[in-house]
Amino acid sequence: MSKKLFSGHTLRQIRSDFGLSQVEFAKKIGLSTAYVNQIENNNRPVTASVLLTINRIFGVDLSAFEKNDLDRVVQDLQEIFADTQFHSASVGRQEIHELVTRAPAVTKAIMDLYGALRTYHDREAIEDDLVQQGGTGEEDTGPRKSAYDEVRDYFHYMDNYVDALDRAAEKLARETGLARAPSKFAALTAWLNERFGITVTEFRDYEGTLIRQEDYARTISLYSAVPQSTKSFLLGSVIAELCVRDLISEEVERARFKTKSAESIARLALRNYFSGALLLPYDDFLKAAAECRHDIQLLSNRLDVSIETICHRLSTLQRPGAMGLPFYFVKIDRAGNVVKRHSATRFQFARFGGSCPRWNVHQAFEQNSNKFTSQVAQMPDGVRYLCVATSITKHQPDYRSGERRYALGIGCEVKYADAVVYADGLAVEDIASPEPIGVNCRICPRDTCDQRAFPAIDKEPFIDSGRRGIVPYRVKAAD
């Protein structure tokens, strides 16, 4: 190995996954308990011989030890500790890294506690506004992390890849011949009828639903006006409920969500995950993506699925031993709300508040739908990304419904740019001044940015009466 590999957290996770104590684990791999303890506490590196032994005995992919899987946790904690409204300590990155590697359970508890505090704090602010308008009439239930945040974190920290569901979807796609079918929708419709005696019909009068299931009549009705790719995706979600309900239940149980709401949201998300994996089976899609140099429009047209489905699927290609490029994927509405966020990269999404206005995903709303723009951006940690953005417009059933438009962002580190068509013409490696972006204004260290909405939460602003710049305030330099 070219450098020492300290990966005690990964070793500890493997041992935990197999339900072994340190004594039992050490015995299986032929080491002393004290040696294993030192590795888990990052006092000793993981040697090549130990890695090979673990691979032989437990079948663990060695790439698990090479991944920067701690980076996103460290970055999330940095954002948390930057919020000094809940504490007065000064916590550095090195201290955070030590905490994450040595005490992962404590790390998770801190993140859960902070999420609950933020939710409670935000709810109090909303309720204060409502009280001024006449009161809420509801009892305070105390701090609690939101169900959506629970589910987002579940996917975020497992690299947005669910192995059991992915492989089950791939197997079913082969059995049904879906990949070779000229029309995925026609193939799924025929298979549902043959396998379950279910008839797929359509309805024209929109009443707020896209799909209706009538169990007694064994029919599924779809809103006729939505694109065929959407109809296929909806059928895939139904098939998930019919074929892999037990697998989904096992995943939900393993996640140990705090609320029934989170469980129900996770079930839907896992059904949708299965649907995407069914329409785009892993190995076939991995090869197609590489051949097309990750051209999203070309893949969408060739594989008969939506641009959003392609983007989302690209962010899931993290199967051990057969990984695709590590992409992030985000979906944002016109108000800046993050509807979806997934990442197999070190790219850090804001867990709280808005995102950086310099990031090209926001500029996508200024372009026509399905027009792609590229940007080379650099985060405060120095890592450069190829950022690709576009906007999509959802079906508008009638005049009163209003247009639903979203921006989609997808990207990877610039070291993978040669494999991505959107880097062509950008001279990625030669760009001297990439766009400086941050997570969001509340924790961004770039004090002189002319796009700032407000100062960072850990900085003290002041007004210089003798000087005025684009940003009206200045911040005190660190001691």
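**View 1. What lines the second largest pocket, by residue type.** In this predicted model, the lining of the second largest pocket splits into 22 nonpolar, 18 polar and nine charged residues. The pocket itself has a volume of about 1,700 Å³. Counted together, 49 residues line it, and those closest to its centre are Phe 233, Glu 308, Lys 331, Lys 340 and Lys 394.

View 2. Let's look at the pieces around the second largest pocket. On the helix side, α8 (147-156), α11 (228-243), α13 (260-279) and α16 (307-314) each bring at least two lining residues. The strands β2 (211-214), β5 (338-343) and β7 (384-393) also each give at least two. Helix α13 supplies the largest share of the lining, with eight residues.

View 3. Strand β6 (residues 373-378) runs antiparallel to β7, and six bridges join the two. Pick out Val 376 and you'll find that its bridge partner in β7 is Leu 386.

**View 4. Where β6 meets β9.** Strand β6 also pairs with β9 (residues 435-436), this time in parallel, through two bridges. Here Gln 378 stands opposite Pro 436 of β9. So what about the partners of β6? Strand β7 runs antiparallel to it, while β9 runs parallel to it.

How values were computed: Residues numbered from 1 in each chain as written. Predicted model: local features only at pLDDT ≥ 70, side-chain atom pairs only at ≥ 80, totals over all residues. Heavy atoms only, no water. 1 Å grid on protein atoms, 1.4 Å probe; cavity = no way out; pocket = protein on both sides within 12 Å on 5 of 7 lines; lining within 4 Å. Points joined across faces, edges and corners; volume = space filled by probe spheres on them. Helix = DSSP H or I, 4+ residues; strand = E, 2+ residues; numbered from the N terminus. Nonpolar A, V, L, I, M, F, W, Y, C, P; charged D, E, K, R; others polar. Pairing = 2+ DSSP bridges.
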